[in-house]
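Hi there,

Here is the structure I promised to pass on to you.

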Amino acid sequence: MTSVSIKNLDLNFGSVKVLKQLNLEIDHGEFLVLLGASGCGKSTLLNCIAGLLEVSDGQIHINDKNVTWEEPSDRGIGMVFQSYALYPQMTVKGNLSFGLKNARVPKDEIESRVARAAEILQIEPLLHRKPAALSGGQRQRVAIGRALVRDVDVFLFDEPLSNLDAKLRADLRVEIKRLHQKLHNTMIYVTHDQVEAMTLADRIAIMKEGLIQQLDSPAEIYNRPVNKYVADFIGSPSMNFLDGDMSTKGKFKTGGTEIDLGNYEFVDGPIGAPVWFGFRPEHVIVGEAATSQPFSTKVVAEIVEPMGSDTLVWTSIENQPFRVRVDGQASIKTGDEFLLGFDPARASIFDKENELRV
Amino acid sequence: MTNSSSNTTVEMTGPRGAKPKRALSPRNIMIYGVLLVVACYYLLPLYVMIATSLKGMPEIRLGNIFAPPVDITFEPWVKAWSQACTGLNCEGLSRGFWNSVRILIPSVAISILIASVNGYALANWKFKGAEVFFTILIFGAFIPYQIMIYPMVIFLRELGLFGKLGGLVLVHTVFGMPILTLLFRNYFTSLPEELFKAARVDGAGFWGIYFRIMLPMSIPIFVVAMILQVTGIWNDFLFGVIYTKPDAYPMTVQLNNIVNSVQGVKEYNVNMAATLLTGVVPLVIYFASGKLFVRGIAAGAVKG
Ligand SMILES: Nc1ncnc2c1ncn2[C@@H]1O[C@H](COP(=O)(O)OP(=O)(O)OP(=O)(O)O)[C@@H](O)[C@H]1O
Ligand SMILES: [Mg+2]
C-alpha cells in the first residue's frame, strides 16, 4: 500500500512546462528527500501534492484515494515552509490550534493535541508568545508543530532548515530524524543540502528540470549514480571525470594512461565507445598504500586546500584536473610529487553520448 | 605582542569615535533658513484666516489683514455654524456638516470593505479572468470622472436614487473603487505568499483567511485607505452639487453657497470661520493618524 502516489503529473505555468510526466510512489512511513538544483521544480511538486497548485494533468493519490481535486486541508497533509509562515498576530498556541479550530475539533481535544505537540517539540514555555518574540529555530519548531497537531499522515517540508545557521541546522536535522522515528509518518522533504538529504532520507529523488533522474537509497545514489548529472550533483567535492574511451575491452584509456577495469560491475557488458570515467576524490588512496591498489600513478600536487578534518589536493592525470581528498594530517605540499592509487571497481563510467551509466 | 586582542588599554591619538557636528554650520543655516521661509509661506494664509475669523466686522474694515485681532470674538464662528444664510434658510453650516457625516460614514465603510475584498481576491486567489478584471480596474483609475457624470445621472435616476444621500454614497463608492482596489491588491501581494498557503493547508476558506489572517496584518493600509477616502469624500464638491438636492447638500456645497451669497454685506469673518470649520475634519484625521499613514504608505502603496 502506498502513501503518496503521483501519476503522470504535468504542471505548466502558461507555456513553461515545469513538471513533465512525473511518476513517484512513496511508501507508508517512508522519508523521501527531493534533491535538485535551484529551479528544478521541487517546490512546485510539493505544492502540487499539497493542493496549493492546480495540476495541468495527471493524478495525485494519497492513502490510495484520488485527491487530485481535493482542497489542501482535506488531503491529510501538513506542510512546513521555508519562511516558517507563522501567523504573526497569533500566539504560538493560536498558531498551533488554528487548523484544528477550522476543522471544528472540540476544545479539550485541541488542548490535548497542542500540549502533546508542544511537549514533543519542547516549546511549552513559548506557547503564549508571539512569533516575533521567537528565535529562528524556535519558529521552525512551531511551524513543525502546526503540522504535527493536525495528526496527518503525510508531512511536506519545503527547505525547512535553510534559513538557519549551520549549527542549528544540524541540531534540528537530528530532531526531525528523531520525530520521524517516533511518528512513522510519511515525510517528503525538499532540500538542496546534500548532507541533509543523505542523513535523513530512506530514499532520495534527484530532480533535474522537472524530471526525476534517480530514485534510490542514499548509498545507492552515492555509489552507483545512474547518470553523469547525478554523479556530479552528489558528493562534495564532486566527482572527478576523465575523458577517454574503452575501445579495448575492459580497459579505460585516456591519453597514454590505461586503467584496467578489472572487477567493475558493468550495467550491460563493456562497450567500445567514448566514455567519462568518474571517480570520487575521497576514494583515492595516496602514499605507500597506493602501490597495493589495482591502479596507481605518480602525480604532482598543484593546489592544496586544507579544510581541517581533511585536505583537498588538486592534481592532474593526463592534463585533466583530478581532485584527491586526503587526511588533514597528510603532509602533501604544493609542488610535491606523490603516488596515488585507486580501485577502478569503485568508479562510475558513463557513456559520453547519453551520459548514462555503463 | 602575543595577545593583541585582549582588553589592554591602547594609546590612541587623532580622530576617534563619532565625528562631532557643528550646530551652526553654513549648511545647517541654509537648510533651516529655507525650511523656515517655506513653512511661513504656507502658514501665512492659515494665519490670516484664523485672525480674520476672530475679528469683528469694524476691525476688518480697517483693511489690515495681517494685524492680529484686537478684540477677540467667537461670534463669527457661532454664526457660521448655526445662523449663516444660504438663500432662504438660515441654519448655518451645521446642516451641511451632518449631511456630510451621513454621506461620509457609509461611503468610506462600504468602499473600503468592498475594495479590500477585491484586492485580496485579486492578490491571492488567482481566479479565471483576474488579469482582465484588474486591467479594466486600472483603466478605470485613469479615466477622468467628469466623463461619467452624465451617464451616472441617468443611472441614478433609473435606480430612483437621484438627489438622495444614498445616491451620492453609491457614486463615491463606485468612483473610489479603482484606486482603492489597486492599493489593497498591492499591499496584499507584498505579504508573504507562504502565509496564505499555510492558512489554506490549515483549512481556512476565503473569508476565514481574509478576516483571521489578512485583516489583522493590514491595519496600516486600512488607515491609508480611510484617510484617502475621508479627505476625498469630505472635500468633494462636484458630486455633491450634481447628485444631491439643496436639503441634502454636503458641507462643501453649503460653504460655497454661504461664501458666495450676494445679499447684504460680505461678512469676511463668518466666511473664514465657515471655511475653517469645513476643513477641520480632514485635518483632524491627518493629525490623528499621521504615523500610521506614513507606515501604510511605506508598506504597501508604493510597492508594486
Ligand atoms: N508562478 C510561476 N510562474 C511561472 N513560473 C514559475 C512560477 N513559479 C515557479 N516557476 C518556475 O518553475 C520552476 C520551478 O520552480 P520551483 O519553485 O519549483 O523550483 P525549486 O526546485 O523549488 O527551486 P529552489 O530550490 O530555488 O526553491 C522555476 O524555473 C520557476 O522559474
Ligand atoms: Mg523551492
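**Where the two chains meet**

The contact between the chains draws 14 residues from chain B and 26 residues from chain A. Please keep in mind as you read that this is a predicted model.

How much area is buried between chain B and chain A? The figure is about 1,700 Å², and carbon and sulfur atoms give 59% of it. Of the area that chain B buries against chain A, 39% is supplied by E194(B), V201(B) and D202(B), more than any other three residues.

Between chain B and chain A the count is 2 salt bridges. There are also 9 residue pairs in polar contact between chain B and chain A, with both residues at pLDDT 80 or more.

Which elements of chain B give two or more residues to the side that touches chain A? They are α8 (193-201) and α9 (206-217). Of the elements, α8(B) gives the most to that side of chain B, with 7 residues. Sorted by class, the side of chain B that touches chain A has 8 nonpolar, 1 polar and 5 charged residues.

**Around ligand 1**

Now move over to ligand 1. The residues that surround ligand 1 are F13(A), V18(A), S38(A), G39(A), C40(A), G41(A), K42(A), S43(A), T44(A), E159(A) and H192(A). By class, this shell divides into 3 nonpolar, 6 polar and 2 charged residues. Helix α1 of chain A, residues 42-50, gives the most to the shell, with 3 residues.

- A polar backbone atom of C40(A) is 3.2 Å from an oxygen atom of ligand 1.
- For G41(A), a polar backbone atom is 3.0 Å from an oxygen atom of ligand 1.
- With E159(A), a polar side-chain atom lies 3.2 Å from an oxygen atom of ligand 1.

How much of ligand 1 does the protein bury? Taken alone, ligand 1 exposes 630 Å², and the protein buries 57% of that.

Technical notes: Residues numbered from 1 in each chain as written. Chains lettered and ligands numbered in written order. Predicted model: local features only at pLDDT ≥ 70, side-chain atom pairs only at ≥ 80, totals over all residues. Heavy atoms only, no water. Contact = heavy atoms within 4.5 Å. Buried area = accessible area lost by both parts, 1.4 Å probe. Salt bridge = Lys/Arg side-chain N within 4 Å of Asp/Glu carboxyl O. Polar contact = N/O pair within 3.5 Å; in protein donor to acceptor, adjacent residues only side chain to side chain. Helix = DSSP H or I, 4+ residues; strand = E, 2+ residues; numbered from the N terminus. Nonpolar A, V, L, I, M, F, W, Y, C, P; charged D, E, K, R; others polar. Near = heavy atom within 4 Å. Areas by Shrake-Rupley, 256 points an atom, 1.4 Å probe, with all protein chains shown as cover.
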